[in-house]
Structure formats: structure tokens, C-alpha cells
Amino acid sequence: MAPTTDNAGFAGDAGTARSSLEALRTEIAKAVVGQDPAVTGLVVALLCRGHVLLEGVPGVAKTLLVRALASALELETKRVQFTPDLMPSDITGSLVYDARTAEFSFQPGPVFTNLLLADEINRTPPKTQSSLLEAMEERQVTVDGTPRPLPEPFLVAATQNPVEYEGTYPLPEAQLDRFLLKLTIPLPSRQDEIDVLTRHAEGFNPRDLRAAGVRPVAGPADLEAARTAVAKTAVSPEITGYVVDICRATRESPSLTLGVSPRGATALLATSRAWAWLTGRDYVIPDDVKALALPTLRHRIQLRPEAEMEGVTADSVINAILAHVPVPR
């Protein structure tokens, strides 16, 4: 029997879905050079119905990466530049009075999309930041007491600059915990940077992804089939215990004032299952947990001030814990 297809013609069976999602790397590489880990993290977040915080200095293609992902997945995407004067209604939408009908009607905001790029999210005050909490957690927006569901799939990809803090509002722990992954976007290697400049010299225009050859290689049906397959990925009691032991170790670390919550443990289990499925297995192994521990946990822990002064980082604490916690056999 032929596989079912959606309107875009993408197959909805698990095998084809994995192949299509793997093809994303090749497609996005037509626009973005050398950011495979970030691409994989975004795909994992989509499979887990989670959200992503992208951290990197300006000019490392954070925005381009999200736009290329949306084009390769044929998803609708909208971008909001978070500024100090941005209001919650500018994101969620508001009731607008129609003089012709003498009634109020709801005008949807940019959050009503598949992929919302929240650019420099830490530049807007907490009141506006909090307007995303319901959307991220409940996948709906409530205006005037009426809940309005968001499209499916729905992912928030928020960016922030790690080196400039003047005029910013750090995200509170409660909101950081809503992000499934925190992905760091590094500066490119010398060869990658040469490739970037070569592409621009040859006429590459980052504002025209179609001209760059980026084409849809997967669709909503592929994502749904993949999510169903990920949910069936087996997790042994030993792996569950391993995840719990890692998270409990963060709560006992002398370098931290805040460890990983049970929600963080659930997130690590979910991302490990998605990674296991993407790599072609229907069961989770310890290496899957290790592979996703840093991006899943680094934003869920809080360093002691004295540890920061000594040069300790969230990543170094998690790596030390991974080296210390016994690995199940």
C-alpha cells in the first residue's frame, strides 16, 4: 500500500519521515554553513513539541538558521524583534473595534504561526516576555477570557546575545524552564568562514532562500509520523534511573544554587528518545542521554557566584556530573 501523503505530497510513514528529516541538514546547509548541531537541536525540539533558546553573538546566522529550517519544512514562520517598547498584545493579538458592525473582533498576533522567531527576547520587559508563557506551555492564547488554540506544529525559537547585557532583562528561571533546549551558536571555524565569504562573493543573498536552492523536503505529515514513532521508542528502567541520577546530582553539586527540576528530567528523557529515533534506533542508550544532556540542562541550573568567579560554567558542571554518575550496562 502506498504511504499516505499530505497536501504538499510528503509521506506520512515513519521510515520516510526519518529520511526526510535527515535531509534537512543538506537542505539547510545551502544557506547556513557549519551549524549541524543547532539544526539537529531544532529538529529534536520539533519532535518533542518543545521550544529552543538560541544564544550567540550577532552575525552567526541565528535568524537565517530559523528561516532556512522553516523553508525546508514548508512551515509558516514569523519574526518579532523584541524591543523595550513592545507590548504583550503586539505578540498575542488583541480585540479590535469594527465600526461597521459595532462589535469587537479578534486580530491574531504574530504568535499564530508554526515557527515564531523571537529575536533578542531579553531586550523586552518581563511583562511582554510573560505573554509567551501561555503560548509556550498551553499552545493557546487567551484574550478577553476566550482561549484560542495555536497552529500545529508550533515552536518558539528565541535568540539572545550572551555578551551584551546593557538594557536587557534576563529571562526568569520559570521562563527559561519552558525552553526544551538551549543551543549555543559558536563562531565559525576558519574554513567555514571562508566558505561563507565565498558564497557571498558568488552572489548568495540570505534574504532570498529560494534563490539559494532551499526547497521543502519534509512537511507536517512527516513531523506527525516522526512524533508517533518517537513516542514508541523504548526506554528501559536502567535508562530512566540514569536520567534521574544525573538530574539529582545537579541538586547536590556544590557549584550550584539551583539544580534540575523533575520537569528538566522529563525533558532530558524526551530529547534522548528523539535523538535515539533520529539515529535509527527504537530504544534509548546512555550515549543518547549524554548527547542531549548539555543543551537540555544547561539553562536549568544556576551557578553560585563564587563558582562563576572561579571560571566554572554550566557546561563544565554538567560534564563533570556525566563523568561521575555511573553509566548503566
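Arg49 follows helix H2 and has a positive phi, near 55 degrees. Helices (H or I, at least four residues) and strands (E, at least two) are DSSP runs, numbered from the N terminus. The model is a predicted one, in which local features need pLDDT of at least 70 and side-chain atom pairs count only at pLDDT 80 or more, while totals for chains, interfaces and linings use all residues. Residues are numbered from 1 along each chain as its sequence is written, and side-chain values use heavy atoms, with hydrogens and water left out.

H2 itself covers residues 36-47, and the distance between its end C-alpha atoms, 17 Å, agrees with the 16 Å that its 12 residues should span at 1.5 Å a residue. The expected span of a helix is 1.5 Å times one less than its number of residues. Because 10 of its 12 residues are buried, H2 is largely enclosed by the rest of the structure. Here buried means under 20% relative accessible area, exposed over 50%, and partly exposed in between (1.4 Å probe, protein chains only). Among the buried residues of H2 are Ala38, Val39, Leu42, Val43 and Leu46.

Helix H8, residues 190-201, also has 12 residues; from first C-alpha to last it reaches 16 Å, close to the 16 Å expected. Just after H8 comes Gly203, with a positive phi of about 105 degrees.

Positive phi values also occur in residues other than glycine within loops. Glu74 has one of about 50 degrees, in the loop between helix H3 (62-73) and strand E2 (77-81). Its relative accessible area of 40% makes Glu74 partly exposed. Asp144, with phi near 55 degrees, sits in the loop between strand E6 (140-143) and E7. At 62% relative accessibility, Asp144 counts as exposed. The loop between strand E7 (146-149) and strand E8 (155-160) holds Pro153, which is joined to Glu152 by a cis peptide bond with omega of about 0 degrees.

Thr92 belongs to helix H4 (residues 89-92) and is buried at 12% relative accessibility. Leaving aside neighbours within four places in sequence, Thr92 is in contact (heavy atoms within 4.5 Å) with residues including Phe106, Pro108, Phe112, Ser131 and Val141. Pro286 lies in helix H12 (residues 286-297) and is buried as well, with a relative accessible area of 15%. With neighbours within four places again set aside, Pro286 touches Ile239, Tyr242, Val327 and Pro328. The C-alpha atoms of Pro286 and Met136, 150 residues apart along the chain, are 29 Å from each other.

What of the chain as a whole? The protein chain contains 14 helices and 11 strands. The C-alpha atoms fill a box of roughly 70 × 50 × 45 Å along the principal axes. Of the 329 residues, 47% count as buried. Among contacts between residues at least 6 apart in sequence, 79% join residues at least 24 apart.
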